[in-house]
Amino acid sequence: MANILDLLSLDNPVFRHMALWSGVLLVKMLLMSGFTAFFRIKNKAFSSPEDLIFGGKKPKYDDPSVERVRRAHRNDLENVIPLIFASFFYTLTNPTPFLAINLFRVAALSRIAHTAVYAFGPVPQPTRALAFGVPFVITLYMSVQVLLQFA
């Protein structure tokens, strides 16, 4: 078994790509708060009375654009965080670099696609289902590999 410090080194291409794609997904998640604010301001759909100074006459809780972005953000919280943890622990299994790097890349790009098709307008299925399902299966695969390696 490889030394854990070697696996968690930037000299390890698997760790480097895991860190890169995790960082990309974390930035994307942080931007979702900004997108929510943008649609609240654009549509004058503020849910807190103190925010009404920016426009609007009374709190509004059901703006479709705001709610789509909020649901996409919640979906990120439910799926990106487990993906990042699974990726980290999967790195500790010393996987084949080609496979691991491509799993990280495909999962991250699929999550970005999922946000685009979920938050910014309905796109016909199965687009969103695929953008959700691919990284879900990747997360599950990596998690099972971790369990098999360390059980």
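User: What should I know about the model before reading it?

Analyst: The model is predicted: local features need pLDDT of at least 70, side-chain atom pairs count only at pLDDT 80 or more, and totals for chains, interfaces and linings use all residues. Residues are numbered from 1 along each chain as its sequence is written, and side-chain values use heavy atoms, with hydrogens and water left out.

User: How many cavities of 30 Å³ or more does a search of the whole structure find?

Analyst: A cavity is a set of points, on a 1 Å grid over the protein atoms alone, where a 1.4 Å probe fits but cannot get out. Points are joined across faces, edges and corners, and a volume is the space filled by probe spheres set on the points. Here the search finds one cavity of 30 Å³ or more.

User: Which residues line the largest cavity?

Analyst: Lining residues have an atom within 4 Å of a point. Here they are M18, W21, S22, L25, L83, I84, S87, F104, A107 and A108. Helices α2 (13-43), α3 (64-91) and α4 (97-119) each give two or more; helices are DSSP runs of H or I, at least four residues, numbered from the N terminus. α2 gives the most, with four residues.

User: Which residues touch the most other members of the largest nonpolar core?

Analyst: A nonpolar core is a set of buried Ala, Val, Leu, Ile, Met, Phe, Trp, Tyr and Cys residues joined through side-chain atoms within 4.5 Å. Buried means under 20% relative accessible area, with a 1.4 Å probe and protein chains only. The largest core has 19 residues; Y90, F104 and M142 touch the most other members. α2, α3, α4 and α5 (127-150) each supply at least two. α2 gives the most, with six residues. A second, separate core of eight residues includes M32, F39, V66 and V69.

User: What is F104 in contact with?

Analyst: Contact means heavy atoms within 4.5 Å. Leaving aside neighbours within four places in sequence, F104 is in contact with V14, H17, M18, W21, S87, Y90, T91 and M142. F104 also lines the cavity.

User: Why does Y90 count as buried?

Analyst: Y90 counts as buried because its relative accessibility is 3%. Y90 sits in helix α3. Beyond neighbours within four places in sequence, its contacts include P95, L99, Y141 and V146.

User: And T36, buried or exposed?

Analyst: T36 is buried, at 12% relative accessibility. T36 belongs to α2. With neighbours within four places in sequence left aside, T36 is in contact with V66, V69 and R70.

Technical notes: 1 Å grid on protein atoms, 1.4 Å probe; cavity = no way out; pocket = protein on both sides within 12 Å on 5 of 7 lines; lining within 4 Å. Buried < 20%, exposed > 50% of the residue type's maximum accessible area, 1.4 Å probe, protein only.
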